[in-house]
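Here is a short note to read alongside the model. Take the points in any order you like, with the structure open next to you.

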Amino acid sequence: MYTQGLDIPKGDKSIPVEQGDSPEAVRFQARIDADEKIEPKDWMPEGYRKTLIRQISQHAHSEVIGMQPEGNWITRAPTLRRKAILMAKVQDEGGHGLYLYSAAETLGVSRDELVDQLLDGSAKYSSIFNYPTLTWADIGAIGWLVDGAAIMNQIPLCRCSYGPYARAMIRICKEESFHQRQGYELMLSLSRGTAEQKAMMQDAFDRWWWPALMMFGPHDTKGGAEGMKSQHSEQSMKWRIKRVSNDELRQKFVDVTVPQAEYLGLKVPDPYLKWNAATSHYDFGPIDWDEFKNVLAGNGPCNKKRLKVRREAHERGAWVREAAMAYAAKKAKRQAA
């Protein structure tokens, strides 16, 4: 998934959490604790179902909206090889959205309802996609940093307690792993290029570094100096929807990515970054959670543009959906006859 810390959609401000005293709830938690997979027809607490719908649908929305920043560069890719790679990647993201909408539908919500929530702005998607792709180096930064952060989030989801979501994530993670390698390979090519190309790469890295760290969502505890805390982590961890905390994933991402940046000859835009021999981790500076909340609230550089493009595409595709429904009705009528 692209973030673990988004808000609940408007109109659904509270996710009920059963107290665990009913026989069904006790049996359900026992199955979770035994690492059994929960399937669509199994009994589940309403809070569990709503949490999954929120998380899976926001993940699906993020995949679909995430096609835009990179799709913007398909016609301007510098070589035919780069164009083919980027087209395949954008197509993969659309497929991920399809898998995830299908997984959400197993929880008793229609795809039309989920899409409507995205189009009317009541559902959230990852704030990372509300930033512009200003240069070709941004495509490399997205593949390396954004998809790299996504993989950190998504690999534990392959062991999510809800079966359809976990199974969908297996293929998604395999494809995202390729996307991350593609992005790093693009950055590696730029690092071996001209001074102008290296400067373009550093500029893209500077602009995407902090939004990539925000992708893991707010802190799981009180939020430290930044005062930002995840609303759902504790319960999601108990239900084993999540397996690893936001802060642990973010730290792992920093520890893995900093050496990669150094190999590329990049300077991390964080004056507080340093290796801590005592913890065997990198220390890094405070995250600007005000920026995160502002972008998530709809005030980012590209929020309005992203939704406008998505709405227009949805409207242009109305005739395709109508034709598909008409064909399905005609086929059903023939079979009935």
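1. A word on terms to begin with. Contact, or touching, means heavy atoms within 4.5 Å. This is a predicted model, in which local features need pLDDT of at least 70 and side-chain atom pairs count only at pLDDT 80 or more, while totals for chains, interfaces and linings use all residues. Residues are numbered from 1 along each chain as its sequence is written, and side-chain values use heavy atoms, with hydrogens and water left out.

2. Let us start with Ser233. Leaving out residues up to four places away in sequence, Ser233 touches Asp220, Lys242 and Asn246. Ser233 belongs to helix H9 (residues 233–238); helices (H or I, at least four residues) and strands (E, at least two) are DSSP runs, numbered from the N terminus. Is Ser233 buried or exposed? With a relative accessible area of 4%, Ser233 is buried. Here buried means under 20% relative accessible area, exposed over 50%, and partly exposed in between, with a 1.4 Å probe and protein chains only. For a sense of distance, the C-alpha atoms of Ser233 and Arg306 are 28 Å apart in space, and the two residues are 73 apart in sequence.

3. Now to helix pairs. Two packed helices are described by the angle between their axes and the distance between the axes. Axes are lines fitted to C-alpha atoms, for helices over the stretch in contact, and angles run from 0 to 180 degrees between N-to-C directions. Angles under 35 degrees count as roughly parallel, over 145 as roughly antiparallel, 65 to 115 as roughly perpendicular and the rest as oblique.

4. Helix H6 (residues 136–154) packs on helix H8 (residues 195–214) at an angle of about 30°, and their axes are 9 Å apart. H6 and H8 are therefore roughly parallel to each other. On the H6 side the contact includes Trp136, Trp144 and Leu145, and on the H8 side Met200, Phe205 and Trp208 are among the residues involved. Which classes make up this contact? There are 15 nonpolar residues, no polar ones and two charged. In this scheme Ala, Val, Leu, Ile, Met, Phe, Trp, Tyr, Cys and Pro count as nonpolar, Asp, Glu, Lys and Arg as charged, and the others, Gly among them, as polar.

5. Helix H4 (residues 80–105) meets helix H5 (residues 111–119) at an angle of about 120°, with 9 Å between their axes. That makes H4 oblique to H5. H4 contributes Leu98, Tyr101, Ser102, Ala104 and Glu105 to the contact, and H5 contributes Arg111, Leu114, Val115 and Leu118. By class, the contact has six nonpolar, one polar and two charged residues.

6. H4 also pairs with H7: their axes come within 10 Å and cross at roughly 160°. H4 is thus roughly antiparallel to H7. The contact of H4 with H7 holds 10 nonpolar, four polar and nine charged residues.

7. Two glutamines of H7 are worth a look. Gln182 lies in helix H7 (residues 163–191) and is buried, with a relative accessible area of 8%. Beyond its neighbours within four places in sequence, Gln182 is in contact with Ile85, Lys89 and Ile139. Not counting residues up to four places away in sequence, Gln180 touches Gly143, Trp144, Asp147, Gly148, Ile151 and Gln260.

8. Which residues of helix H11 (residues 289–299) are buried? They are Trp289, Phe292, Val295 and Leu296. These residues cover an arc of only 125° around the axis, which puts them on the same side of H11; the arc is that of the directions from the helix axis to the C-beta atoms. The buried residues of H11 pack against H8, helix H10 (246–264) and helix H12 (303–316). The face turned away from the buried side of H11 carries the exposed residues Asp290 and Ala297.

9. Finally, some backbone angles. Most residues other than glycine have a negative phi. Arg240 has a phi near 60°, a positive value in a residue other than glycine. Arg240 sits in the loop between H9 and H10 and, at 24% relative accessibility, counts as partly exposed. Ser280 has a positive phi near 60° too. Ser280 lies in the loop between strand S1 (274–276) and strand S2 (281–283), and at 44% relative accessibility Ser280 counts as partly exposed.
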